[in-house]
Amino acid sequence: MIRRIIATIKRDKKHLKNTRKKKYSKTELKVIVTIVLIVLIATILLTGLTFLFPSLRNIAFIDRWITAVEGILKPVEETPIIIPDGTVAVYYIDVGQGDATLIIAPNGEKFLIDAGEDEMAVEYLQKYNITKLDYVMFTHYDSDHIGGGDEVLEYCEVGTIIKPNCTPHNQMGKNLLVDIENEGSTVIHPEPGHIIEMGDVKLEFLVSSTDLPSDSNEKSLCMMLTFGKNKFLFTGDAENEREAEMIENYGKKLDADVHKAGHHGANNASTAELMELVTPDYAIFSCGTGNKYGHPTADAIDRIDDYTNMLFRT
């Protein structure tokens, strides 16, 4: 179920005239201060900090999924996975501070992008009895994208695994490579222009998986999903450098209906230069409530809000 945060602030602009100053006793002052504090705390709790941080007012919370029917994009309330004919479903799974997105094509093929930090992604698959994934893509080797990868590979039969062609920078990534080898699935390292088709759903990779920057986030694989007239852009944790690469190579072709904000809504992702080309109707922040990184940042919210109609977050 989508719960929209609605905060209205009414400011009293009347100027008080100094006709007579009233003196309060210490007891009265304590009562007044206490009431003010209670009202302030209640306001913060009820509005989710939108009273203090106006940038957050336009964000709606999304629990489960957005479906795209050709020409129509709409939020859908929480429900068992029953996909109407001729529909692609894109599930932005709430895995806390991390990423996991499940795509289900009209022909039933399933594509998982990342697996979050822990067991939350596999618990989601278990909840809906999804035991086979045609594709699993690990955009890069940061723990909040691959931490649940071992459990996903153990629980699900996986047809093809997509990953960057590089040595992981952490032990978790090295362990994942062992799990991938043991899985016995087909492994591909896509290059720009590589296309996977799941019936009428086309997935095109936008950046190299071999010629990689040094920063772990900038190693992120990026992909555009096209279904009829609808397009979804996925950029992992890609930041300025990777975005500049996509802008140079694809330009206006990056226009999309839905954009999952880069790097969970960090300052240096989903730049204005990229957003000018994408101009999404919907933008999604995948991040944990109260996370230590401050995602999504106020700057990212304001910047992306300039180019979209609606912001969502997990």
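Q: How much space lies in the largest cavity?
A: About 40 Å³. Keep in mind that this is a predicted model. The structure holds one cavity of 30 Å³ or more.

Q: Which residues line the largest cavity?
A: The lining is made of D99, T101, I113, D114, T139, F234, T235, G236 and K260.

Q: How do the residues of that lining divide into nonpolar, polar and charged?
A: Two are nonpolar, four are polar and three are charged.

Q: What is phi of D114?
A: Near 65 degrees, which is a positive value in a residue other than glycine. As background, most residues other than glycine have a negative phi.

Q: Which other residue has a positive phi although it is not a glycine?
A: H264 is one, at about 65 degrees. H264 is placed in the loop between β15 and α7. At 1% relative accessibility, H264 counts as buried.

Q: And the peptide bonds: which residues does a cis one join?
A: H295 and P296 are joined by a cis peptide bond, with omega about -10 degrees. P296 belongs to the loop between β16 (282-285) and α8 (298-305).

Q: Which strands is β14 joined to by bridges?
A: Strand β13 (residues 223-227) is joined to β14 by five bridges, and the two run antiparallel. Three bridges join β14 to β15 (residues 258-260), and that pair runs parallel.

Q: How many residues are between the strands in the hairpin of β13 and β14?
A: Two residues lie between them, and in that hairpin G228 takes a positive phi near 60 degrees.

Q: Now helix α6. Which of its residues are buried?
A: In α6, residues 240-250, the buried ones are R242, E243, M246 and Y250. Seen down the axis of α6, these buried residues fall within an arc of 100 degrees, so they line one face of the helix.

Q: What do the buried residues of α6 pack against?
A: They pack against β12 (201-205) and α7 (272-278). Just after α6 comes G251, with a positive phi of about 50 degrees.

Q: Let's stay with R242. What is its relative accessible area?
A: R242 has a relative accessible area of 0%, so it is buried.

Q: Which residues does R242 touch?
A: Leaving out residues up to four places away in sequence, R242 touches V207, S208, D211, L212, P213, E218, K219 and S220. L212 is 30 residues from R242 along the chain, and their C-alpha atoms are separated by 9.2 Å.

Q: Last, the whole chain. How many helices and strands does the secondary structure come to?
A: Eight helices and 17 strands. The chain has 314 residues, and buried residues make up 50% of them. Among contacts between residues at least 6 apart in sequence, 65% join residues at least 24 apart.

How values were computed. Residues numbered from 1 in each chain as written. Predicted model: local features only at pLDDT ≥ 70, side-chain atom pairs only at ≥ 80, totals over all residues. Heavy atoms only, no water. 1 Å grid on protein atoms, 1.4 Å probe; cavity = no way out; pocket = protein on both sides within 12 Å on 5 of 7 lines; lining within 4 Å. Points joined across faces, edges and corners; volume = space filled by probe spheres on them. Nonpolar A, V, L, I, M, F, W, Y, C, P; charged D, E, K, R; others polar. Buried < 20%, exposed > 50% of the residue type's maximum accessible area, 1.4 Å probe, protein only. Helix = DSSP H or I, 4+ residues; strand = E, 2+ residues; numbered from the N terminus. Arc of directions from axis to C-beta. Contact = heavy atoms within 4.5 Å. Pairing = 2+ DSSP bridges.
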